[in-house]
Amino acid sequence: MLPSLPSRLAAAAVLAVLAIGGAGCSKDGDHASSPSRKSGSTTTAAAGAVPTLHFTVTETNDNGTKAPDEATVAAVRKTLDGWLASAVVAPLHSGGPAPDLTALFTPPALERMSDPATRATLVDEGMPAASKAITADVAQVLLSSVAGPDEVIALIGARIEVKVRAVGPTLDADVVHQGELVLVPEADGTWKIDSFAIHTARDSRP
């Protein structure tokens, strides 16, 4: 059973305290910094192939309420890996637009992303194709769950850190995404990204 709207709003208030904070922003030419903890995927694409990168879940925090079960963590991770593949790796590799993201975001989140500046905090479009290699020095996530009064998990906060190196015929760049994604459950058991506060930095070199 999905949480009621009051439960989701109350949980959202709790997650607002947990979030890294600040509105999403995007900057070209500088690096976001935070302590490195544990390396994520470091897959390099073969010639012409799109690499597959995955998040490493470093920790789950139940905030004193019901902890998420393995199936919930797996579903959340599937959505986050889908964002990494579709919003980061795919457009970096092709140099073109990202594929359809409707399976990963709720309608309010998609509406918010209609603003180009907001979309740029989550989607790495508009850069030259990185067809030679895409690697992730860091691709990790810390999950925090919040349950409603009925002990049903209402929201999951995902504190992400992604540091990707992209190399192509005319591109040598580092791309960093750091911040908080908030995911909500769907009736079919999947989880979608409902809100976000992400800092993005892109540093390209000739």
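**Contacts, core and salt bridges**

Guide: Let's start with Ala90, which touches Ala85 and Pro99 once residues up to four places away in sequence are not counted. Touching, or contact, means heavy atoms within 4.5 Å. This is a predicted model, where local features need pLDDT of at least 70, side-chain atom pairs count only at pLDDT 80 or more, and totals for chains, interfaces and linings use all residues. Residues are numbered from 1 along each chain as its sequence is written, and side-chain values use heavy atoms, with hydrogens and water left out.

Visitor: Why is Ala90 called partly exposed?

Guide: Buried means under 20% relative accessible area, exposed over 50%, and partly exposed in between (1.4 Å probe, protein chains only). Ala90 has 22% relative accessibility, so it counts as partly exposed.

Visitor: And why does Thr72 count as buried?

Guide: Thr72 has a relative accessibility of 14%, so it counts as buried. Thr72 sits in helix 2 (residues 70-94); helices are DSSP runs of H or I with at least four residues, strands are E runs of at least two, and both are numbered from the N terminus. Leaving aside neighbours within four places in sequence, Thr72 contacts Ile156 and Trp191.

Visitor: What makes a set of residues a nonpolar core?

Guide: The members are buried Ala, Val, Leu, Ile, Met, Phe, Trp, Tyr and Cys residues, joined through side-chain atoms within 4.5 Å. The largest one here has 44 residues, and Leu80, Trp83, Phe105, Leu122 and Leu181 touch the most other members. Helix 2 gives the largest share of this core, ten residues.

Visitor: How do you know that Asp124 and Arg202 form a salt bridge?

Guide: The rule asks for a side-chain nitrogen of Lys or Arg within 4 Å of a carboxyl oxygen of Asp or Glu. For Asp124 and Arg202 the closest N and O atoms are 2.7 Å apart, and the pair forms a salt bridge. Asp124 lies in the loop between helix 4 (116-119) and strand 3, and Arg202 in strand 6, so the pair ties together parts that are 78 residues apart in sequence. By this rule the count comes to ten salt bridges.

Visitor: What makes Asp203 and Arg205 a salt bridge?

Guide: The closest N and O atoms of Asp203 and Arg205 are 3.9 Å apart, and they form a salt bridge. Salt bridges with shared partners join Arg165, Asp172, Asp174, Asp203 and Arg205 into one network.
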